[in-house]
Amino acid sequence: MNADLDAMWSAGLSNGELAFPRCSACGAWNWYPLPQCGRCQSSQTPWVRVALQGRIFSWTRTHHDFVKGGVLAEPVVIALVEIADAPEIRIPCRQQTAGAPPAIGEPVNLVVGHFEDRTIWCFAPHSERADTAADKGAP
Amino acid sequence: LAENVINLGSAIISGVGEFAPVRKSGCSAEQLALDAIGIALDDSGIAPAAIDAIVIESSLCPQMTPVDRIAVAAGIHSLRRVTHTSPIGAGILAAVGVACELVATGQANHVLTYFAVDWGTNSAGPTEYHLKMSAKKIIEEPVGFAGPPLYFAMIAKRYQHIHGLSDAQMAELLGTVAITARANAGLHPDAQVTKPLDRAAYAAARMIAEPLHNIDCSLLSDGAVAIVVSRADAVVHQRPHQAVLRGWQYAVDPIADMDFYTQAPALPWLPAASRAAAAALAQADLTIAEMDMFQIYDCFSIAVPMQLEAIGRIPCGQSHAIIGDGVLSPFGAIPTNTHGGLLAHGYLLGAGHIVEAVRQLRREAGQRQVPNARTAFVGAGPGRQYTALVLAGQEAAR
């Protein structure tokens, strides 16, 4: 299960696609993944693709590097973003381009960003053009 | 339901011991635990062989201070019951609840619970604890979302948004909690950090993750606590005021541990804390207004208003209006974390909060004594799980 999660998440980042496990029987999203659906106990929970759109649930601007330790050269805004197609799911995202913090409730686009050796999900200001690109699965 | 409620009155908290929290002790967690156990046994007046049950937290204790080694080293060789409760703070408090039930139901005469931590020496401990959870490692850490300060910063921002507080109002609320914790610790002989804090020092403190400064975050500590619960007719050291558990409850939300700080539907609310508090108070036949003090898990300053609201002591969203200067002091309207809590006394993950409640109810708290202390609410979680203890002071029969 852990290896599965790691593989699915990495693949999604590589392809610029976001997907989450959803119960085929009752439709509940299962996130983080469990061995079976927590609502109806079905074992059929395939990963289902969602649009790259979300909404800011909350955010913080961190001045400390919690992964490597020490003070960050520049503070970084990290947000918890609710997925538009699956509002009960939230993922942590980094602000794509450093700037003013977002507002809670603000719609955002989800984009893949590259920071040092890491490829991660980021949030960017909402735009219709990006939505269209995401719907077509463009990188 | 009433038929199922155990009468806890026959169980007395007869001994408490503490290895006072320090940043670096030079001791192993096992040594810290054994030191606290020795003090607790002396406080209770019983020999190690009199202990016939041990109850401990289920996550850190089995690794850092396992019963098989601790019991042998402490000379405890008459065990009839060994039980583990649930992880970290809520489990440390639940161990006291289970210990009292073992005594009250006649399964044991003297029950020991203990907790030791070396996260002062091993300062990566808290973040490592969380990153052992697979989804946090895979999904969260690469983004830089790693560790408790970020969880509570995110919750604090959400709390601020929902209640419409300005940045200045939020800083005022959190600052009041941090400043009072430090002042309370200043009245404790063994607190880890006692240097007084004022508004200017709070505002100038290093920002960690907005809106949390470094002094809004728990200390990191080495330390230990041990507690002995005894059958009332087996208590050796009779005191004018004894501490008893009048009611307790463990509650847990239907959400996996690794999910809570990102996926919990009700953030920033703490539904488990609300349920646990209500059930513990009902068992004790007391109301939240009748609690003379609150010893609650202050891993971050924001956790104090969140819990006081969740347990019903402050109406939802009113903390900013109610928690003024001195309100949380031992002599204020809502005495809270009168030893300084995790923010200033030391990071004993809630174990120190229990000891403080016992000392207060025994009227042994010296210059920080809550006047006429008769009842104490002790709570820890605060997340998917929560344990609420309602303790009371009992005057010795004359």
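The model is predicted. In it, 30 residues of chain A are in contact with 32 residues of chain B. The area buried between the two chains is about 3000 Å².

**Strand pairing in chain A**

- Strand β6 (residues 107-115) and strand β7 (residues 118-125) of chain A run antiparallel, joined by 8 bridges.
- A:Leu110 has A:Phe123 of β7(A) as its bridge partner.
- The hairpin of β6(A) and β7(A) has 2 residues between the strands, and A:Glu116 takes a positive phi near 50 degrees there.
- β6(A) also pairs with strand β3 (residues 53-64) of chain A, in the antiparallel sense, over 3 bridges.
- A:Gln53 has A:Asn109 of β6(A) as its bridge partner.

**Area at the interface**

- Carbon and sulfur atoms give 64% of the area buried between chain A and chain B.
- In chain A, the residues that lose the most area to chain B are A:Tyr32, A:Phe66 and A:Arg90, together 24% of what that side buries.

**Polar links between the chains**

- There are 16 residue pairs in polar contact between chain A and chain B, counting pairs with both residues at pLDDT 80 or more.
- The salt bridge count between these chains is 1.
- A:Arg61 forms a salt bridge with B:Glu210, with the closest N and O atoms 2.6 Å apart.

**Make-up of the chain A side**

- At least two residues each come from α1 (2-15), β3, β4 (71-83), β5 (86-95) and β7 of chain A.
- β3(A) gives the most to the side that touches chain B, with 8 residues.
- The residues of this side of chain A divide into 18 nonpolar, 6 polar and 6 charged.

Key
Residues numbered from 1 in each chain as written. Chains lettered and ligands numbered in written order. Predicted model: local features only at pLDDT ≥ 70, side-chain atom pairs only at ≥ 80, totals over all residues. Heavy atoms only, no water. Pairing = 2+ DSSP bridges. Helix = DSSP H or I, 4+ residues; strand = E, 2+ residues; numbered from the N terminus. Contact = heavy atoms within 4.5 Å. Buried area = accessible area lost by both parts, 1.4 Å probe. Salt bridge = Lys/Arg side-chain N within 4 Å of Asp/Glu carboxyl O. Polar contact = N/O pair within 3.5 Å; in protein donor to acceptor, adjacent residues only side chain to side chain. Nonpolar A, V, L, I, M, F, W, Y, C, P; charged D, E, K, R; others polar.
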